[in-house]
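Please walk me through this model in the viewer, one selection after another. Tell me what to pick next and what is there.

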Amino acid sequence: MFSQFFGNYLLENQKITAEQLDSCMNYIKANRVKLGLIAENEGMLTRTQSTELNYLQMQTDKRFGDLAVEKGYLTEADVSYLLSRQGNPYLIFIQALEEGGVLTRSEIDECLAAFQHEMGYSDEVFQAIKDGDIENVLPAFVDAEDPRYQDLIGLALRSMVRFVSSYIRIEKGSFMPSLTVKALALQHTKGDYDGFLGFASDDDGILAIADGYAKENFDKVDEDALDSVAEFTNCVNGLYAAELSFQGISIDMEPPQLLFDHTIDGDFYVLPVFVDGKGSKMIIKLG
């Protein structure tokens, strides 16, 4: 998350080039390994256990390490050790800038201070961005009195990090009365209250979600690509419905819709989301 926020700031302010940012991202990806793979290589988990935990992540809104502890496969100390081996995303990006000869440490420090000041981030929000702490980042971007919006958006973003890509960035959202988009994967929910969740774009930005979730490359925004986005949307809504059930709230999911050149009407929330640098819109309505 930090690399996307700070990297985009550096790019927009012409502190680095697009090629330099790509080089840094390649460095990060080469030096950040999934927890399960590290645990396998360290002999702390078997391939079967790792696969089981990956599957459980698809069923519940919990982190890989938390699930491993719950199952008795790892201890809290084991998870802390694995996280230290995985690398701090903030430090890895700073290291990528330095080792790549992109910026000196003093230049990085100056840019960090300017980044926080110009974006108006409090110390708490700035630290949350550095830590990849979605819950504490959201209040600076989601302006909705109804706390359910932050709950569902937080769940969607956490799911995106787990199942699509860890390289995400968001911008401030807002309620809108109407929106026309070129491509949209939308799923309505019915029950104790009606609503919907969807992802849309006016270009090929939505392919980043489709590619990441399906683990394949789509050439264009067509029904196959949108079907992958719809499956991700269904996954998020399924997790959300499960969470609500523990609160005594019942919602049912309707079949997802794949829509092209579509206009959405009504009072709904739109949050710009960037996955691997490509933009799309998360669209939410909670009745």
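**Stop 1: a salt bridge to start**

Select Arg169 and Glu171: their side chains meet in a salt bridge, 3.0 Å from N to O. A salt bridge here is a side-chain nitrogen of Lys or Arg within 4 Å of a carboxyl oxygen of Asp or Glu. Arg169 is buried, with a relative accessible area of 10%. Glu171 is partly exposed at 32%. Buried means under 20% relative accessible area, exposed over 50%, and partly exposed in between (1.4 Å probe, protein chains only).

Before moving on, note the ground rules. This is a predicted model: local features need pLDDT of at least 70, side-chain atom pairs count only at pLDDT 80 or more, and totals for chains, interfaces and linings use all residues. Residues are numbered from 1 along each chain as its sequence is written, and side-chain values use heavy atoms, with hydrogens and water left out.

**Stop 2**

Zoom in on Arg158 and Asp61. They form a salt bridge, with the closest N and O atoms 2.4 Å apart. This pair links distant parts of the chain, 97 residues apart. Arg158 sits in helix 11 (residues 147-163). Asp61 sits in the loop between helix 4 (47-57) and helix 5 (64-70). Helices are DSSP runs (H or I, at least four residues), strands are DSSP runs too (E, at least two), and both are numbered from the N terminus.

For Arg158 the relative accessibility is 17%.

Glu135 lies in helix 10 (residues 134-137) and Arg158 in helix 11, so the pair ties together parts that are 23 residues apart in sequence. Glu135 is partly exposed, at 40% relative accessibility.

Side chains of opposite charge can pair when their charged atoms come close.

**Stop 3: a negative patch**

Clear the selection and show the surface. Pick Glu216, Glu223, Asp224, Asp227 and Glu231. They gather in a patch of negative charge on the surface. Patch members have over 30% relative accessible area and no salt bridge; like charges are joined within 9 Å, and nonpolar side chains (Val, Leu, Ile, Met, Phe, Trp, Tyr) within 5 Å.

Centre on Glu231, which is found in helix 13 (residues 223-245). Glu231 is partly exposed, with a relative accessible area of 44%.

**Stop 4: the cysteines**

How many disulfides does the structure hold? The number is zero. A disulfide is a pair of cysteine sulfur atoms within 2.5 Å. Select Cys24: it is in no disulfide, and the nearest cysteine sulfur, that of Cys111, is 12 Å away. Turn to Cys111: its sulfur is too far from that of Cys24 for a bond. Cys24 counts as buried, at 2% relative accessibility. Cys111 is buried as well, at 8%.

From Cys111, go to Ala128. The two C-alpha atoms are separated by 18 Å, and the residues are 17 apart along the chain. Ala128 is found in helix 9 (residues 123-131). Ala128 counts as buried, at 4% relative accessibility.

**Stop 5**

Asp261 has a positive phi of about 50° although it is not a glycine. Asp261 is exposed, with a relative accessible area of 62%.

Next, pick Asp276, in the loop between strand 5 and strand 6 (278-286). Its phi is near 50°, a positive value in a residue other than glycine. Asp276 counts as partly exposed, at 39% relative accessibility.

Finish at Asp252, which lies in strand 4 (residues 251-253). Asp252 counts as exposed, at 52% relative accessibility. Asp252 and His188 are 8.6 Å apart in space, C-alpha to C-alpha, and 64 residues apart in sequence.

Note on methods: Areas by Shrake-Rupley, 256 points an atom, 1.4 Å probe, with all protein chains shown as cover. Lys, Arg positive; Asp, Glu negative; His and termini not counted. Charge placed at Lys NZ, Arg CZ, Asp CG, Glu CD.
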